[in-house]
Each structure stands twice: as C-alpha cells, then as structure tokens.
Amino acid sequence: MLQITSIEKGIVIDHIPGGFGMKLFHYLKLDKADYTVALIINAFSQKMGRKDIIKINNVIDLDVNFLGLINPDITINIIENGAIVKKLQLTVPERVVNVIQCKNPRCVTSIESYADHVFHLVDPAKRSYRCDYCDDIVIPHTV
Amino acid sequence: MLKGRHLIDPSDFTREEFRELFDLAHKVVKNPEHFKKSCEGKILATLFYEPSTRTRFSFEAAMLRLGGSIIGFSEPNSSSVSKGESISDTIRTIECYADIAVMRHPKEGAPRVASQWLTSMPLINAGDGGHQHPTQTLTDILTVELLKGNVENRVYGFCGDLKFGRTVHSFIKFLSKYKGIKLILISPEELRVPEYIREEIIKKNNIECIEADKMEPYMGEMDFLYMTRVQRERFFNEEDYIRLRDRFILDKEKMKYAGPETYILHPLPRVNEISIEVDEDPRAQYFQQAKNGMYVRMALILKLLGIY
C-alpha cells in the first residue's frame, strides 16, 4: 500500500470528490509551492467510494467559498505538531465574487473588464448559481 | 419614493411603487398638456448601443413633451464607445452632463453594471440583449389597464421567441407580483423561456402555466395574446433563425379562434408574425400600445426626477 507520511504543521483537505483534486491543486497554486505538498488521487473512501486528498505542509490562506462551491462535504483539518487541532466546516456560499466566470457569451462580463463576476445561490440542493447581471444559471461543480 | 432610483429590472420596484407610477401615467394619458413644462431645464441622455425606433423616439418624445432636452447617441460608432471606451467610463462621463439617462445595450446586464458606477443620476434600462426590457413592460401594463381596468385574474398568452424575447421576460416578471395570473407560453422547443424565468419566477410564484406549440386551442381563453418577433440579431447561426422565424404567424384565419375581447399586443417591430390584415381588427392594439409607451415613459421620468 502507498504510504504518505503525516504532516507536522499545515492543512489536510479531505473528502474531495474524485477528479476535483487536480483542479483544486492548481486553483490553490500548489504546483508552484516551495514547501511539501501531496495530492492523493482515487483514495478509498467508505462514504464516497473514491476521493482525493491534498496534504499541505504549510499554513496557507484557503478560499473556503471555492471549496464550498466544489462540495460542502469537503473537510479541512488544521494540523499542528502532527495532530488535528481544528476542523473547518464548509457551507455552500450564498454569494460568490470572481470565483466562477459567467459563460453566457451575451453577458456584459464578457466585454466589461471592470465588472466583477458575481453569482448568487439559487438552489442549495442542486448548488446552482445565477449570474447577477444576465441571470444565466450555472452549476459550478459540474463545469 | 422613486426619486433618484434606477429601473433596470422589474424587480427593482415594489408593487406599490409601480401603482404610484401607473396612477401618474393615467393622469398623463388624460391630460398630457398639463405636464408640458414639468421638466424645463432638465436633460435626458439616451445611450443606444443598439438600434431602436419606438423606445428611443418615445423616450425622446416623452422628455420633449415634458419641456426637457435630450443629448445622446443612437449608435455607438458616433461616440467614444467606438474607441473602446468601457461602459463604466461612458456612464460616469454622462453623469457629469445629464439629469437622467436611458441605456440600451446588446450585452445582458450592461445597464446593471453602469448603474453601479452612478452617484445620483437615475438610469433606465431600455433593453439589454435578450434579457430584460422593463419600460416595454410599463407600456404593456398601461395598455392592459386602459383596455381591461386591471392586471389581476387574467390569462396572458405569449407567442414567438420566448427565449431571447426580453419584453416577455420583463412582462412575466412583473405579472408574478399579481394574483390569478395564468400564462400560456407558445413557442418552438428551441425558443422556450429561459430556465431562470421558468424556475425562479413561474414555479417559485406558483403561477399557472401551460407551454404549448400551437396557439389556436388556447386563443379563446386569453385576455391578451402577446406576439413577439423571432430576432435575427440574437442568433449566432443564420440557419437556426431562418428555420424558426415563420413558425407562428397570426393572420385573419387564426383570429377567428380568439375571443371577442382577446386583445393582440406586440412590442414591435414586427417582421411577419402578425399579417397586416390583422391591423384592421379592433382587437389589434399594438399601435395604441406604442403610443402608451410615450405616456408611461413621461410618468417614469417625472417620478425618477422626483418632480411628481
């Protein structure tokens, strides 16, 4: 079995839906990190079947809105001295700014570079969002 | 209080605020002369990034009939927009010169973006892409009230391009504030109302709604049939436009299915979706509707400037 040693001080992002680990890894710019990071893909999970895990041997700022958009069931464990000292609970964000982009080619955000990309939650169960400008509906975790 | 407010989307005003506006519009209809000096010394800016006949002329006529003046452009090539100026820079410049502004833009949400940069000048959305056209709805509702007395407990048919038809989206959004509304939505499968209208407006407000691809079976029960044009400018593919444009044509034969008081409305311009022979039918109200547009825009300008 593949062994990845535990970290001393840092963050473990667990229960990432299979396939999203790589996206998240790049979104958090961990490919450019000068500290130790590990991306585990297709780890066994009783709850999810397969899951991805990211271990970061450093303390960094996390965009919890983005993580909540992907899946509010993602868990974030803060590690100190090799032990979990805090678990962060994610929620599906009500409003997101400049996290996702509107894909409607008729939307003003496609031409107005000053305009923020702002979305509001429409349906928490589907995790669908509506663009504040053109009303186009997107489901970010499926894009 | 509507002074200093923007009208970008029908949800920007409450039902009571709309009532206040329509009460003034009815006074304007009865005696437009009374208001002829109300806007003396005031300037309306018309920013039309997309062609328009009725909306632009009716806004300009409205301001002139109120005694005010007009500045603006009717196509973006005659302004700094052609040099690549952003919407935010243009609108902030216009605020230096005008008391109130009207914007039409091909991009959806452009007037909303513009309104976020303003400090005191009211901005009116005169149509943004295939999204919303709230002042056409004011025109439509004033026409409904003049013909039938009230908006509630009525059957409204909408036919044609319901996907990109911004006048339809605004009209349905407005109607969702009222009781006893039944909608009959007639369109080809490809041009049905957008998901946000179906899910967030129609379903959330429990509005009775039928989606159909034929108008004849439903015309008898309609109080209003709102015809719309399939808009060439909204299609990225010319073949799709040609395939869909002639799908619904209202002619004398089809008018036989309409009730004696089923009024025909159309935001205009029409291409061929209402044949010209229907114009003589007293139930065809689209030209009167265009005239009402000027009156209700007079009322809107007066309210947003805080004059009445």
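Student: What percentage of the 143 residues in chain A are buried?

Tutor: In this predicted model, buried residues account for 46% of the 143 residues in chain A.

Student: How many helices and strands does chain A have?

Tutor: Chain A contains two helices and nine strands.

Student: In what order do the elements of chain A run from the N terminus on?

Tutor: The order is β-α-β-β-α-β-β-β-β-β-β.

Student: What box do the C-alpha atoms of chain A fill?

Tutor: Taken along the principal axes, the box is roughly 50 × 35 × 25 Å.

Student: And what is the accessible surface of chain A?

Tutor: The accessible surface of chain A is about 8000 Å². Carbon and sulfur atoms hold 50% of that surface.

Student: Among contacts in chain A between residues at least 6 apart in sequence, what percentage join residues at least 24 apart?

Tutor: The figure is 55% of those contacts.

Student: Let us change topic. How many cavities of 30 Å³ or more are there?

Tutor: The count comes to two.

Student: How much space lies in the largest cavity?

Tutor: The largest cavity holds about 80 Å³ of space. Its lining consists of 13 residues, and those closest to the centre are Arg54(B), Gln136(B), Thr139(B), Pro267(B) and Ala290(B).

Student: Which helices of chain B each supply at least two residues of that lining of the largest cavity?

Tutor: They are helix H2 (54-65), helix H5 (134-148) and helix H11 (286-304) of chain B. The largest share comes from H11(B), which contributes five residues to the lining of the largest cavity.

Student: Which domains of chain B does the lining of the largest cavity draw at least three residues from?

Tutor: At least three residues come from each of domain 1 (10-133 + 293-304) and domain 2 (135-290) of chain B.

Student: How do the residues of the lining of the largest cavity divide into nonpolar, polar and charged?

Tutor: There are four nonpolar, seven polar and two charged residues in the lining of the largest cavity.

Student: What about the second largest cavity: what volume does it have?

Tutor: The volume of the second largest cavity is about 50 Å³.

Student: Which residues line the second largest cavity?

Tutor: The lining is made up of Gly160(B), Thr228(B), Arg229(B), Val230(B), Leu244(B), Arg245(B), Arg247(B), Phe248(B) and Glu273(B). By class, the lining of the second largest cavity has four charged, three nonpolar and two polar residues.

Notes: Residues are numbered from 1 along each chain as its sequence is written. Chains are lettered from A and ligands numbered from 1 in the order in which they are written. This is a predicted model: local features need pLDDT of at least 70, side-chain atom pairs count only at pLDDT 80 or more; totals for chains, interfaces and linings use all residues. Side-chain values use heavy atoms; hydrogens and water are left out. On a 1 Å grid over the protein atoms alone, a cavity is a set of points where a 1.4 Å probe fits but cannot get out, and a pocket is an open set with protein on both sides within 12 Å along at least five of seven lines; lining residues have an atom within 4 Å of a point. Grid points are joined across faces, edges and corners, and a volume is the space filled by probe spheres set on the points. Helices (H or I, at least four residues) and strands (E, at least two) are DSSP runs, numbered from the N terminus. Ala, Val, Leu, Ile, Met, Phe, Trp, Tyr, Cys and Pro count as nonpolar, Asp, Glu, Lys and Arg as charged, and the others, Gly among them, as polar. Domain bounds come from an automatic or database domain assignment. Buried means under 20% relative accessible area, exposed over 50%, partly exposed in between (1.4 Å probe, protein chains only). Contact means heavy atoms within 4.5 Å. Accessible areas come from the Shrake-Rupley method with a 1.4 Å probe; for residues, only the protein chains shown count as cover.
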